[in-house]
Amino acid sequence: MMTDSSLLNSELDLQQQEELYQQLLLQTLGQINSESPDSKVIRPEPGMCVKTFSESNKEKVFINVCQSNSVPPPPELSREKLVELLQSDDPSGFRVPMSLGEPHTEIDNSSQGCTAYDVVINQDFFQKCQKDPLFQQFVILVSVEGLENKYNLELSREWKVLKNRKFLGSVSEQNIRTKSRPVIEELQPPEKSPATTKSLRRPDFTMIVDPPAGEPEYLIAEIKLPGVGSSRSLVLDVGEDRLVLTARPSLFHLDIFHPFLVDQENSVAQYNSSTQILTVTMPVVSS
C-alpha cells in the first residue's frame with residue numbers, strides 16, 4: 001500500500017502550525033496575566049474563632065476571622081464614627097474589604113461534624129478590633145452578614161468568641177482580587193445636619209445575683225429594649241467582667257463593668273420579642 005507523502009507533510013505542517021499557535025497564545029496570555037494579575041493567592045494568619053449556629057437547622061457554624069495585609073484596610077473609622085454608624089438606618093453602607101472563603105467541614109471539641117468558614121480582613125484593622133469590644137463585635141457582624149449574603153444563610157446573632165482557639169481546622173490559601181471592581185467603589189453619603197442625628201440611649205437594666213444569699217452562682221442581666229423586634233438587631237459581647245450591647249435601629253448602647261468574673265464560654269442570652277427584654281445568664285467563676 002502506497003502513501004502520498006505530500007498529504008502527510010501537509011498534515012504535519014498544519015499540526016505544527018496549530019501547536020505553534022497554541023504556544024504563542026499561552027505565552028501571550030501568560031504575559032498579560034503576569035503584567036496585570038487580577039488576583040493572587042495568599043495564606044492568611046489565624047485571628048479569632050467565632051461560634052454561632054444556623055437558624056434553619058440549629059447546626060453549629062464556626063467563623064474563622066483571619067488577618068492579612070494583602071487585604072486592603074477599610075476607610076479610617078473612629079469609635080465615635082462607629083457608634084454613629086451603628087445608630088444609622090443603614091450601617092451596611094460602610095464596607096469592610098474582606099475575602100469570604102468556601103465552607104469546609106470540621107470536627108468540633110465534642111467530636112461532632114460542623115461547618116466552618118474563613119473570613120480574611122486587613123491585619124491592622126483586625127488588631128484594632130481586638131483592642132475594643134465594640135469594634136470586635138462590629139467586624140463579627142459584617143462577617144456574618146457577608147456570609148449570609150454570599151451563601152444565602154441565616155445565622156444566629158447569639159455568637160461567642162472562643163477564648164483559647166484562634167482557628168478551627170487548618171489555615172488554607174485563599175485567592176483574593178488585586179483589582180477592585182467598580183461596583184464596590186464607595187461613595188461618601190452627604191453629611192447629616194445635627195438636627196437629624198439621633199443619639200444613643202442607655203437602656204434600663206437590672207442585674208440579679210443568683211442565689212441572692214451565699215456564694216453567687218449566676219449573674220443575670222435583664223435589659224429592656226423597647227422597639228427592638230428581633231435578636232438579629234442585637235450585637236452582644238460578654239467579657240470576663242464586662243457586658244457590651246448595641247441594638248439597632250432603636251439606638252441602644254450599654255457598656256458596663258460588674259464586680260464578678262464570669263464564664264464567657266457558657267454564658268447564654270435569650271431575647272423575648274413579646275416583652276422586648278434581653279436576658280443574659282452568666283455563670284460566676286469568682287467574685
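Predicted model: local features only at pLDDT ≥ 70, side-chain atom pairs only at ≥ 80, totals over all residues.
**Exercise 1.** Carry out the analysis for S111: where is the residue found, and what is its phi?

*Solution.* S111 lies in the loop between β5 (104–107) and β6. Its phi is near 60°, a positive value in a residue other than glycine. With a relative accessible area of 59%, S111 is exposed.

**Exercise 2.** Identify the buried residues of helix α3 (residues 123–130) and explain how they are arranged about the helix axis.

*Solution.* First, list the buried positions: Q123, F125, F126 and C129. Second, view α3 down its axis: these buried residues fall within an arc of 160°, so they line one face of the helix. Third, ask what covers them; the covering elements include β2 (45–53), β3 (60–68), β6 (113–122) and α4 (133–151). Last, examine the start of α3, where a side-chain oxygen of N122 comes to within 3.0 Å of the backbone nitrogen of D124.

**Exercise 3.** Classify the peptide bond from D210 to P211 as cis or trans.

*Solution.* Omega for this bond is near 0°, and the bond from D210 to P211 is cis. P211 is placed in the loop between β9 (205–210) and β10 (218–224).

Conventions: Residues numbered from 1 in each chain as written. Heavy atoms only, no water. Buried < 20%, exposed > 50% of the residue type's maximum accessible area, 1.4 Å probe, protein only. Helix = DSSP H or I, 4+ residues; strand = E, 2+ residues; numbered from the N terminus. Arc of directions from axis to C-beta. Contact = heavy atoms within 4.5 Å. Polar contact = N/O pair within 3.5 Å; in protein donor to acceptor, adjacent residues only side chain to side chain.
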